[in-house]
Amino acid sequence: MRNMTCEYAVYFKLLLLCGYTEELQQYIEDALTEQDPLSDVILELSLIGKDSKKMLSVLNKYILSFKDSDIDYDKTVFSLVMSFIKKKYADEAMPRKDIAELMYELAVHTERYFDEPWQTMYFMGDLFYEAEVGYIDKIDFLNKFDAFIKDEICFSDYPDVIPQESFFKRLLRKLRIIR
């Protein structure tokens, strides 16, 4: 059991903002049995019970005690978030659509969604929808989705996703060729 670091606090804050309290509760339970002495933040969290708003308040107060530049969002926090997502994906605990929506929410809450690796998470929900309705190639998207989940390969590492040509565009193109 590791002590609560600022990165763990940000990770748990992100999960709480998205409605996932179980991870933090398990962390607190483990800390109560394994840490001696208990850190102040763990002690305070353990006294709250299951009130996610109060837990969020405690985590925010703890995070504010650090400089933002001291928090490693792009490696440590991202790695923690990805381990959570990978577990949900591997256990088939959530459908792809829900995972894509969760990634979008997580990225938004970091406020770093225009920079990789968070940018890929941010666009995952929209791209999933676009693949479902046929605007982009579904197989191409699913391959990228799986590559991101399994190997953390960001969209910036791939060539641009090319929109699938609509039936009408193909028809017009063929009519122009025939004339």
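User: How many helices and strands are there in the protein chain?

Analyst: Helices (H or I, at least four residues) and strands (E, at least two) are DSSP runs, numbered from the N terminus. Here the protein chain has nine helices and zero strands. The radius of gyration, taken over C-alpha atoms, can be set against the globule rule, 2.2 Å times the number of residues to the power 0.38. For this chain the radius is 21 Å, well over the 16 Å that the rule gives for 179 residues, so the chain is more spread out than a compact globule. Its C-alpha trace spans about 80 × 35 × 25 Å along the principal axes.

This is a predicted model: local features need pLDDT of at least 70, side-chain atom pairs count only at pLDDT 80 or more, and totals for chains, interfaces and linings use all residues. Residues are numbered from 1 along each chain as its sequence is written, and side-chain values use heavy atoms, with hydrogens and water left out.

User: Which residues have the most contacts inside the largest nonpolar core?

Analyst: In soluble globular proteins, nonpolar side chains tend to be buried together. A nonpolar core is a set of buried Ala, Val, Leu, Ile, Met, Phe, Trp, Tyr and Cys residues joined through side-chain atoms within 4.5 Å; buried means under 20% relative accessible area (1.4 Å probe, protein chains only). The largest one here has 55 residues, and M4, I85 and M121 have the most contacts inside it. Elements giving two or more residues to this core include α1 (6-17) and α8 (138-151).

User: What is M4 in contact with, leaving aside its neighbours within four places in sequence?

Analyst: Contact means heavy atoms within 4.5 Å. The partners of M4 include F12, L24, Y27, L45 and Y62.

Terms used: Buried means under 20% relative accessible area, exposed over 50%, partly exposed in between (1.4 Å probe, protein chains only).
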